[in-house]
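Student: I have a protein model open and some questions about it. Can we go through them one at a time?

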Amino acid sequence: MTVSVGQVLSAFPEWEIYELAGGWAAVRRSLLPKGSRRSNVRCGETLEELVRHLEAESRFPAAGQGAA
């Protein structure tokens, strides 16, 4: 499956997407506090890998929510 930057931005609007020399990075628009179980930065060698990492990130409970 080929994915475009626009599709990633549409699917994950809370992240900014950057192309780097060795792949892709996503940085939260609103950074989370230190000690959060969630990440402020996720990376992937390809956009498809980055999407998988962002999907995994979205499965972590938000602050104040217990584990499922």
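Student: Which residues does Glu 57 touch, not counting residues up to four places away in sequence?

Tutor: This is a predicted model: local features need pLDDT of at least 70, side-chain atom pairs count only at pLDDT 80 or more, and totals for chains, interfaces and linings use all residues. Numbering runs from 1 along each chain as its sequence is written, and side-chain values use heavy atoms, leaving out hydrogens and water. A contact means heavy atoms within 4.5 Å. With residues up to four places away set aside, Glu 57 touches Trp 15, Arg 28, Arg 38, Ser 39 and Arg 42.

Student: Is Glu 57 buried or exposed?

Tutor: Glu 57 lies in helix α2. Helices are DSSP runs of H or I, at least four residues, and strands are runs of E, at least two; both are numbered from the N terminus. Buried means under 20% relative accessible area, exposed over 50%, and partly exposed in between, with a 1.4 Å probe and protein chains only. Glu 57 has a relative accessibility of 1%, so the residue counts as buried.

Student: Which residues are linked with Glu 57 in a network of salt bridges?

Tutor: Side chains of opposite charge can pair when their charged atoms come close. A salt bridge puts a side-chain nitrogen of Lys or Arg within 4 Å of a carboxyl oxygen of Asp or Glu. Glu 57 meets Arg 28 at 3.1 Å, N to O, and Arg 42 with the closest N and O atoms 2.9 Å apart. The network partners of Glu 57 are Arg 28 and Arg 42.

Student: How many residues apart in sequence are the parts that Glu 57 and Arg 42 tie together?

Tutor: Both Glu 57 and Arg 42 are buried. Their salt bridge has its closest N and O atoms 2.9 Å apart. Glu 57 sits in helix α2 and Arg 42 in strand β3, so the pair ties together parts whose separation in sequence is 15 residues.

Student: Where does Arg 29 lie, given its salt bridge with Glu 16?

Tutor: The side chains of Glu 16 and Arg 29 meet at 3.7 Å, N to O. Glu 16 is partly exposed at 29% relative accessibility, and Arg 29 is partly exposed at 49%. Glu 16 lies in strand β1, so the pair ties together parts 13 residues apart in sequence, with Arg 29 in the loop between β2 and β3 (41-44).

Student: What pattern does the protein follow along the sequence?

Tutor: The secondary structure comes to 2 helices and 3 strands. Of the 68 residues, 26% are buried. Read along the sequence, the pattern is α-β-β-β-α.
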